[in-house]
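I opened my notebook to get to know a new structure. Here is what I looked up, entry by entry.

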Amino acid sequence: TDLAEQWLRRAAAEGRPFLLMLGHKAPHSLYIPEPKYERAFDQESIEYPRTAFLLEDKPRWFLDRLDTWHGIYGPIFGYRENWPDRSLQGAEAFARMVRAYWGTILSVDESVGRLVEYLRQRGQMDRTLIIFTSDNGLLLGEHGMVDKRTAHEPSIRIPLVIRYPGLTPPEQPRVVEQMVLTVDLAPSILDICGVDPLPRTHGRSFKKLASGQPDPDWRKSFLYWYNYEKQFPYTPNVRAVRTPQWKYVRYPHGDGGPDRHKAELYNLRDDPLELRNLIDDPWYQSKVVELEVELRRLLEAGPFLGGLAVPPAQQPRPRLFVAPPAGDRIGHRLGHPGAPERVGHGYALQERKAQQRGHVGIIHEQRVAEAVPEDDLPPTRAAARSSNRKRRPTISTPASPLAAPLARRRRVR
């Protein structure tokens, strides 16, 4: 931050336009807060997240990861000397790690505040585009994990706070709900500065969205891509598609054969914490088919054709279909909120009989893949996580870092 402020002073003396990019290492593990922030959160009670204990419907590798470097019972970046540790004392070590992480965020807040104050004192605030963001999210115990790499919300959602009076008045901040990616930053900066877009870029400008204008052609889905790394063998290959409401995740083994890990399906609108994996529920098999098609479209459209091959999913085979005539409501009574709201008694009887045989509506034989230790995976080309495919946030960055792991929303001022 000191060097950044010195550089700004030189740029101001020269009277030229400037572009400054400042990256803070402090929030990256290992988490070592400044001495003045070491005990800032000592009075905060921290427990393992609820999702760490709801793994029954998750892929087996979630459980395999619990006792590793990237699991809540592992060494947690040096805050636990003896591991795996599932004791109460081990839980306190986890709490110390989280408090230390929050302490590093206080330093980032202070640093950003210094630079904003510098621009304000020199009358540059209304002429400067300020973007606050990050390169990845962070798992702090969610689903029993620490670190990043997975396609789950805490891992892929990051803050994006923008201030520029030319977009929207600072006193009238706006929250943009559309999905914005890191690949959109460069096109947006050029657009806001009045520069022609670069050819063959993957992102697009979000200037219209930030200004409150509609953009009907904005993306309706995006691809998340991660390749297994031999030095971090706790996360398998990941291919996922996310829409505003749904997320579908696959774990291709890399040998062209069937996936060896169970897939995941989440209705993010009803289940933002990804508590319930719907992949085994026959009611949602048509959604699985739909998202599988979209996933393959994104894979074929993206710059990944030379990467890890993703074999087609083993699609369920239809076995029974009962067309619902008009009638009374039985959807919720059958335990399926998405069921037709009005169906006839004849349909209800057939539906109950179908349920007794393990069928519902359009019935499919469920695909269930057996997990294997990720050490057995073949190393792939050096194509680690594609950070330019990560999901942008939809919650406002909090003033206090205490809420930072929970609040990640995009705010434009």
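**Entry: a salt bridge to start with.** I began with Glu 292, which forms a salt bridge with Arg 250, the closest N and O atoms being 2.9 Å apart. Glu 292 lies in helix H7 and Arg 250 in strand E8, so this pair ties together parts that are 42 residues apart in sequence. Helices (H or I, at least four residues) and strands (E, at least two) are DSSP runs, numbered from the N terminus. For a salt bridge I need a side-chain nitrogen of Lys or Arg within 4 Å of a carboxyl oxygen of Asp or Glu. I found both Glu 292 and Arg 250 buried; buried means under 20% relative accessible area, exposed over 50%, and partly exposed in between (1.4 Å probe, protein chains only).

**Entry: what I am looking at.** This is a predicted model, where local features need pLDDT of at least 70 and side-chain atom pairs count only at pLDDT 80 or more, while totals for chains, interfaces and linings use all residues. Residues are numbered from 1 along each chain as its sequence is written, and side-chain values use heavy atoms, with hydrogens and water left out. I read off eight helices and 10 strands in the protein chain. Of its 413 residues, 49% count as buried.

Entry: Lys 247 forms one with Glu 274, with the closest N and O atoms 2.7 Å apart. Lys 247 sits in strand E8 and Glu 274 in the loop between E9 and H7, so the pair links parts that are 27 residues apart in sequence. Both Lys 247 and Glu 274 are buried. I also noted Glu 153 with Arg 157, where the closest N and O atoms are 3.4 Å apart. Glu 153 is buried at 6% relative accessibility, and Arg 157 is buried at 15%. Which residues join in a network of salt bridges? They are Glu 153, Arg 157, Arg 242, Lys 247 and Glu 274.

**Entry: helix H7.** I went back to H7 (residues 285-301), whose 17 residues reach 24 Å from the first C-alpha to the last. That is close to the expected 24 Å, taken as 1.5 Å times one less than the number of residues. Its buried residues include Val 288, Leu 291, Leu 295 and Leu 299. Among what covers the buried residues of H7 are E6, E7, strand E8 (246-250) and strand E9 (264-267).

**Entry: the nonpolar cores.** A nonpolar core is a set of buried Ala, Val, Leu, Ile, Met, Phe, Trp, Tyr and Cys residues joined through side-chain atoms within 4.5 Å. In the largest one, with 41 residues, Ile 72, Phe 94, Met 97 and Val 238 touch the most other members. Helix H3 (88-121) is one of the elements that give two or more residues to this core, and H3 gives the most, with 10 residues. A second, separate core of 17 residues includes Val 241, Tyr 248, Leu 295 and Leu 299.

Entry: Most residues other than glycine have a negative phi, and most peptide bonds are trans. I found a cis peptide bond between Ser 29 and Leu 30, with omega about 5 degrees, and another from Trp 83 to Pro 84, with omega near 5 degrees. Ile 76 has a positive phi near 40 degrees, and Arg 200 has a positive phi near 60 degrees. Is Ile 76 buried or exposed? Ile 76 is buried, with a relative accessible area of 0%, whereas Arg 200 counts as exposed at 79%.

Methods
Contact = heavy atoms within 4.5 Å.
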